[in-house]
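Here's a quick briefing for anyone about to work with this model. Have a look at the structure first, then read on.

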Amino acid sequence: MNALGGRFGRGEQERWLLKPAVFLLASTPATLLIRDALEGRLGANPIEALTFATGDWALRLLLITLALSPLREVSGWSFPPRARRMLGLFALFYALVHFLVYLVLDQFFALDDIVEDILKRPYITVGFTAFVLLIPLGLTSTRRMVRRLGGKRWKRLHRLVYVSAGAAVLHYLWLVKLDWREPLVYGAVWALLMAVRLRRVPGFFSARRAKRGRTGTVPARARRPRPLRPRSAGATARSGPALHRPVLGESE
Ligand code: HEM
């Protein structure tokens, strides 16, 4: 008998327990922000505090969502697609609030100034790009949209999430003036996740290795041909599509 009295299998438990848990965890920063705002505890510059907190959470959730597939590779434990989609949508939610704080509270809808900011201040340009890229992913995150677009096209579209996360990291790096540590940590995480993903793109790293060999950086005789080992059933099941799974919607 399982923890839920034997009524649900493991998959069902994950679905029924994990989704509410993800919802609770991902909505907690927003709840705390609302509480602090209502109690006047956002500090001397509440607009800045809201901008920073929502920007930070948008970026963290984006990176956490991107990390789920590699986590599956390493641990063999697969995050249920619905909970995964919820995390991605929360990232979009925090990015939207972040943008709205800027639009409404910071700029008071001064559209001319906003357009000028987007065109002339590079960190705003990349931040805006990161946000805009997330919108179609959020809009196409339903099962119905997966069916309408067709799996292949939908997956290709949802790879934009990597570009969006990269632009968000750049946005943060660009706006920081003194302490680079935090954006650099986010940047390192993003680069690692990209490298893991590109490892799965046929020929990406091997083409680079071959090029190095041709230019003499790595002597040709030092490169031994790899023995062709048959993959185990488990390895096959965990490879390939896992890392191509998009994050802001259903993937299966
Ligand atoms: C996916 C979209 C975005 C993400 C993930 C993101 C993330 C961030 C992060 C992490 C910070 C720094 C927070 C800190 O210092 O603790 C930040 C700051 C900021 N972001 Fe964004 N951002 C996004 C989009 C935008 C957009 C669309 C705008 C406006 C058009 C914007 C405007 C700003 C501003 C004004 C700041 C504060 C800069 C300062 O006062 O130094 N961001 N953002």
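pLDDT is the predictor's confidence in each residue, running from 0 to 100. This is a predicted model, so local features need pLDDT of at least 70 and side-chain atom pairs count only at pLDDT 80 or more, while totals for chains, interfaces and linings use all residues. Residue numbers start from 1 along each chain, as its sequence is written.

**Confidence**
- The chain averages a pLDDT of 83, and 76% of the residues score at least 70.
- Residues 230–246 stay under 50, and the model gives them 20 contacts (C-beta atoms, placed from the backbone, within 7 Å) beyond four places in sequence.

**Helix α5**
- Its buried residues (20 or more other C-beta atoms within 10 Å of their own, C-beta atoms being placed from the backbone) are V126, G127, A130, F131, L134 and L137.
- They cover an arc of only 135° around the axis (taken from the directions from the helix axis to the C-beta atoms), which puts them on the same side of α5.
- What covers them includes α3 (81–106), α7 (151–158) and α8 (160–175).

**Around the ligand**
- α2 (46–75), α3, α5 and α8 each supply at least two residues of the shell.
- α2 gives the largest share, seven residues.

Key: Buried ≥ 20, exposed ≤ 12 C-beta atoms within 10 Å, placed from the backbone. Helix = DSSP H or I, 4+ residues; strand = E, 2+ residues; numbered from the N terminus. Contact = placed C-beta atoms within 7 Å.
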